[in-house]
Amino acid sequence: MAYVITQACCNDVSCVEVCPVNCIHPTPDEAPFATTEMLYIDPDTCIDCGACVDECPVDAIAADNELTPAQEPYLEINAEYYRRYPIGPDWPELRTRRKLPAELGTLRVAIVGSGPAACYAAMDLVTHSAVQVDIFDRLPTPYGLVRAGVAPDHQSTKGVGDVFRSAIGHKNTQCYFNVEVGTHITHEELLAHHHAVIYAVGAAGDRTLNIPGEDLAGSHAATEFVAWYNGHPDFADRTFDLSAERAVIIGNGNVALDVARALVMDPEELARTDIAEHALEALRKSNIREVVVVGRRGPAQAAYTNPELLALGSLAGVDVVVDPAEVQLDPVSRALIDDPEVEPRLALKVRQVEGFAQNTPGEGTKRIVLRFLASPVEISGDGVVESITLERTELVETGGRLEARPTGQTETLEAGLVLRSIGYRGTAPASLPFDERRGVIPNDGGRVIDPETGAPVPGVYTAGWIKRGPSGVIGTNKQCSAETVEKILDDFVAGRLPEPVADREKLAALVAERRPEHIDYRGWLQIDKQEKARGSAAGRSRLKFVSIEDMLAASRSAMDGSA
């Protein structure tokens, strides 16, 4: 028997760190890690010890004799990786943790944000006994996109939040939720109270299509739709017109597939998750029968991952439809897929789409239609979205890359809802340099860089999407944050960090004065406890509070002793 990694994998690499025979790859030190969709267990090396199962934060690992029918393809997916990357004696060893010299005293670090990158940075820092961490978030609840971005039907993925509790609930960590840096406390004040400040604020904005009709009612960013159905307080009052039978999603990454599933899957399946109540009621009344997911390039270049595509084909009562003509790749792409040196994940993407193209749609079922080699040119309607015009594209090799070029051939689809899912985008934090073109804070391995001088800004760092752009999955942030933490420790040991001029007690007093409504870790635990209790009473995993006022009221029970 061997263990197998399945769809829920978040690339956290906790499993890698406990494997006694080094059979889980790629590791963060290996080149494929930067682009891998998931981690893989070598079935020939696995000794069936089960250490990885206990460590996985999202329950993504199962024994090969206990796989469900939907998980069985992962037997071949794991094995195929090692045919392309066979284990050898030259594979890198895992790094050992460094120790800080005791004579340096206590290192104090502020982290702005509480999403995966922030939590991984805090986890890394508090493993050192002489490090204190203060976490700030403008929302009353932590975990960022784990709470407000992961699809409701991916509850196991949200389990990574249980791992993050070890960081935000650590004795050396102080949480200041419902506190906005730049409004309630300044960047300069954070620096005055800490040796270093890490900005891990994610990428809350979205990219636009820049086509006519994009501003019509019924045209939205998919990021808004995701935040709406996940109960983000900034988006709880939004409305989306679900009265038409067809919706079109522009972009074919994992977020696009998440949204497509939410629009057509059985609402009663969603009713067992933590989806926001207002979204559940709206989806119960929805008339949408077909969701068209549009990508401007071919199946091999689609942005979604293979695990997400596999899951799409397992939806009850939903057909995944692909026009067989759209699976036919041009000679350049076909040669790419047939190249034995190409990563197996690319060929698997094509094989899965080819399989969908051979299916016969059922009568009366809902549909997710995958469209390739098409790009939107106009959204039309009399004040509201009524149709979208797509232009056929073709792939052209330019400088070793495949580019999608317009052909002039167009078609128009009737639709009542258009969601653009073409990527998140970072927004500039107050008082920090910002790269407007890339939507990131300029940095060198996490050290924030002054663009005018090219020199590091003393004591200022960044991690996560605002550092590298919106790429990777949850676990990708673990290595990104580890790199930043290493830079902080290097600078602390070398004496390059400014000494704080005020202590931790003065920081707490300042926040209490400026933001009496701030929430600490105990307050968050009360919110968490009450949301789970509300969910349990309704037969659901969690029933979220979606207003700031309700969250604050729930958190106060930590102070008055009520439940």
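Student: What is the strand order in the open sheet of 6 strands?
Tutor: The order is β10-β18-β11-β12-β14-β13, with parallel pairing. Strands here are DSSP runs of E, at least two residues, and helices are runs of H or I, at least four, both numbered from the N terminus. Two strands pair if DSSP finds at least two bridges between them.

Student: What kind of model is this?
Tutor: This is a predicted model, where local features need pLDDT of at least 70, side-chain atom pairs count only at pLDDT 80 or more, and totals for chains, interfaces and linings use all residues. Residues are numbered from 1 along each chain as its sequence is written, and side-chain values use heavy atoms, with hydrogens and water left out.

Student: How many bridges join β10 to β18?
Tutor: 3 bridges, and the two strands run parallel. Serine 219 has valine 418 in β18 as its bridge partner.

Student: Which strands does helix α8 touch?
Tutor: Helix α8 (residues 222-229) packs on the sheet and touches β10 and β18. Touching is contact, meaning heavy atoms within 4.5 Å. The direction of α8 makes about 75 degrees with that of β10. Axes are lines fitted to C-alpha atoms, for helices over the stretch in contact, and angles run from 0 to 180 degrees between N-to-C directions.

Student: New topic. Is strand β6 largely enclosed or left open?
Tutor: Largely enclosed, because 6 of its 7 residues (131-137) are buried. Buried means under 20% relative accessible area, exposed over 50%, partly exposed in between (1.4 Å probe, protein chains only).

Student: In which sense do β5 and β6 pair?
Tutor: In the parallel sense, over 6 bridges. Isoleucine 111 has isoleucine 135 in β6 as its bridge partner.

Student: And β7?
Tutor: β6 and β7 (residues 173-177) also pair in the parallel sense, over 5 bridges.

Student: What about an open sheet of 3 strands, what is its order?
Tutor: β15-β16-β17, with antiparallel pairing. β15 (374-380) and β17 (401-414) are the edge strands, each with a single partner strand.

Student: Over how many bridges do β16 and β17 pair?
Tutor: Over 11 bridges, in the antiparallel sense.
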